[in-house]
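Here are my notes on this model, as numbered points. Please read them with the structure open.

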Amino acid sequence: MGDYREMWKNLNMDLEKHDILCEALPESFGDIYLTQKNRPDAMNYFNYTLAEIHGARIEEIKHEKDNGKKVVGTFCVFVPDEVIYATDAISVGLCSGSQFWIEDGEKVLPRNLCPLVKAFVGAKTSRTCPYFQSCDMIVGETTCDGKKKAYEIVEEYMPVHVMELPQMKREKNFVEWQDEIKIFIKRMEELTGNKVTVENLKKGIDLSNRKRRALKRLYDLRKNIPSPISGLDALLVSQVAFMDDPERFIENTNKLCDELEKRVNDLKASGKKRIMITGTPMAIPNWKLHSIVEGLDAEVVVEETCTGTRYFENEVPDEGDTIDDLVKNMAERYMNINCACFTPNEGRMDDIVKYAEEYDIDGVIYYNLSFCHTYAIEYKKVEKALKEKNIPLLNIDTDYSEEDTGQIKTRVEAFMEMI
Amino acid sequence: MYYVGIDIGSTASKVSAFDENDLMLNMVMPTGWSSVDTSNNIKGRLREKGIDVEKAKVVATGYGRVSVPYAHKTITEITCHGKGVFYLTNKDLVTIVDIGGQDTKIITIEDGNVTNFIMNDKCAAGTGRFLELMANTLGVSLNEMTEMALNGKNIKITSMCTVFAESEVISLIGSGAKREDIARGVINSIIGRIKNLLNKHGIKGNIYLTGGLCELKHFTQLLCENLNKEISTDPLARYAGSIGGALMAKNI
């Protein structure tokens, strides 16, 4: 990484603390990623992006900011990037996947809270995340009680816009979400000074759809037996998608897919167990479960998570002559994401069973970030749905710390021996 | 040819060996602070019994399974317990309760194979370590504590955490509570944890107790009474993991 200290200083970052964070990342990335054998060449782009995650990308964002662009931080796949792109702003998914931020998060939040919430609050209050520091506004949503209330704390530090996501899927809820998107459009117009038009919104929809299509293409390739790409690498691509320049991301993901398509013909059966991970998101640098699974004779071939299928499944149709038409299309697509924040949420069981068939899954690991109640409770439903199909399931409840790695390893290993 | 299973647990290490036909050896020793030293020690003790690990097939299991340099294969204690209990019981359907030093597991075996399992989370609550610590606090041995518990009335130990439970026991001692009653409270608290795990997991077939505690007959008796279920065990049950490992060494 180049010398970015001046830039970080100008972002009002805590440089000393940030140094500690930066030291830990290359080591864990090296141990987990660079030791993998036979990686696709096109992964070099993603290695580079990760290595420069607090450097080159932040510099790039700074240039765009200097040219008048606004930067918006998001935490959830329900926030419509289409609107952010339409107002010519930059969207960054704030990652919150590091144990490093937990300590600072716990200074202001209760301990028995989801690590993701503690981490994003800690990232802001400790001034060690250059993305957070670059944001002109962050966009929250009401997908869980922890986040909902934590935004009130973050609001003391920076402007926050919270979208109220309905928690049921009745007709009136779809209309409510359309209204929320319209309120968000207005807020983005105020922030950027750019009007949303049918034309620029269609462009935003097109860009978001192309990004989804690239990820979908990557996931479809993982259906091959064996998968031409490790679960760790695919997870990294998904994680990078949240902060990278979208056009460049699409180009490089497609390049990767071109390479993988060629690989598919030469791959020989590996006999590795094919695993699906379902549950809560895995933000950078949370590679804990994937590295445990792939350290054994197994490969993760699909993630039914927000850093997986829920991020890219289904496109927004661009038919329509008015902004209202397009907002309606968007609302339809987003409201059909099967997140455990909805009640009921039967669609998720259907998705999991469908993926288990499509990806030829040997076993499913339910990944639950500690204290994420909605997903923890929904485990029972998933267990039932998978039992009917005779698909083995293992439940792992964990946070970002390393102290339970040994125990999780034993469980996952025993699960592999069992299936 | 000898087939050896080595189960390095957090507290005790168990070793079992088969020759071509029979189970010919079981031994147990404290794991101590170094799994590597323990595995070297085991190598020496096996040699005294006429088994050269270089010429045998060795499977290592337990939390220290990676610290046995001469093992041909490592297999988790969950799979090994399944195989070992099937060997000991010869029953098609068994629910194993394994109370180890570091964790407690419930394992279902059907036709000799593990079909489902569950482990307690992260901490020492509900494990053998918890009982050991409480016995120390009461100044008695584990066996004495379970015997005392038989004659005690239940005092509720409310803390789930081992560390807090220990201070709770100390204050009970301070307040003049009877040792028998405290012992009963301690045993009941661990049984409560096991019961929760069992209810969550579901009971299929007979319950079979493995792990170091299965040698404490009073504990098994209290567990039976409390669960209101028949629980079987065996003098060899504490070797279930190493026996299973030795059996699986035959497949190498």
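1. Two terms come first. Two strands pair if DSSP finds at least two bridges between them. Helices (H or I, at least four residues) and strands (E, at least two) are DSSP runs, numbered from the N terminus. This is a predicted model: local features need pLDDT of at least 70, side-chain atom pairs count only at pLDDT 80 or more, and totals for chains, interfaces and linings use all residues. Residues are numbered from 1 along each chain as its sequence is written, while chains are lettered from A and ligands numbered from 1 in the order in which they are written.

2. Start with the sheet of chain B. Five strands form an open sheet in the order β3-β2-β1-β4-β5 (chain B), and the pairing is mixed. At the edges stand β3 (23–30) and β5 (73–74) of chain B, each pairing on one side only. Strands of a sheet pair through backbone hydrogen bonds, either parallel or antiparallel.

3. Now the pairs within that sheet. β1 (residues 3–8) and β4 (residues 57–61) of chain B are parallel and share five bridges. Here B:Gly5 is opposite B:Val59 of β4(B). β1(B) and β2(B) run antiparallel, joined by six bridges. A hairpin of three residues links β1(B) to β2(B), and B:Val4 faces B:Ala17 of β2(B) across the pair. β2(B) and β3(B) are antiparallel too, over seven bridges. Their hairpin link has four residues. B:Ala12 sits opposite B:Pro30 of β3(B).

4. A residue is buried if 20 or more other C-beta atoms lie within 10 Å of its own, exposed if 12 or fewer, and partly exposed in between; C-beta atoms are placed from the backbone. Seven of the seven residues of β2(B) are buried, so the strand is largely enclosed by the rest of the structure.

5. Helix α8 (residues 240–249) of chain B lies across β1, β2, β3 and β4 of chain B, at about 145° to β1(B). Axes are lines fitted to C-alpha atoms, for helices over the stretch in contact, and angles run from 0 to 180 degrees between N-to-C directions.

6. Chain A has an open sheet of four strands, ordered β6-β5-β7-β8 (chain A), with parallel pairing. β6 (298–304) and β8 (393–398) of chain A are at the edges with a single partner strand each, so one side of each has no neighbour in the sheet. Neighbouring strands are turned by 25° against each other on average, direction ignored. Helix α19 (residues 405–418) of chain A packs on the sheet and touches β5, β6, β7 and β8 of chain A; its direction makes about 170° with that of β8(A).

7. Inside that sheet, β5 (residues 273–279) and β7 (residues 363–369) of chain A run parallel, joined by five bridges. A:Ile277 has A:Ile365 as its bridge partner in β7(A).

8. Next, the core. The largest nonpolar core has 197 residues, and A:Met276 and B:Val4 have the most contacts inside it. Such a core is a set of buried Ala, Val, Leu, Ile, Met, Phe, Trp, Tyr and Cys residues joined through C-beta atoms within 7 Å.

9. A:Val293 belongs to helix α14 (residues 288–294) of chain A. Why does A:Val293 count as buried? There are 27 other C-beta atoms within 10 Å of A:Val293. Leaving aside neighbours within four places in sequence, A:Val293 is in contact with A:Gly231, A:Ile275, A:Ala298, A:Val300 and A:Val412. Two residues are in contact if their C-beta atoms, placed from the backbone, lie within 7 Å.

10. Last, the interface. The contact takes 11 residues from chain B and 10 residues from chain A. β8(B) gives the most to the side of chain B that touches chain A, with three residues.
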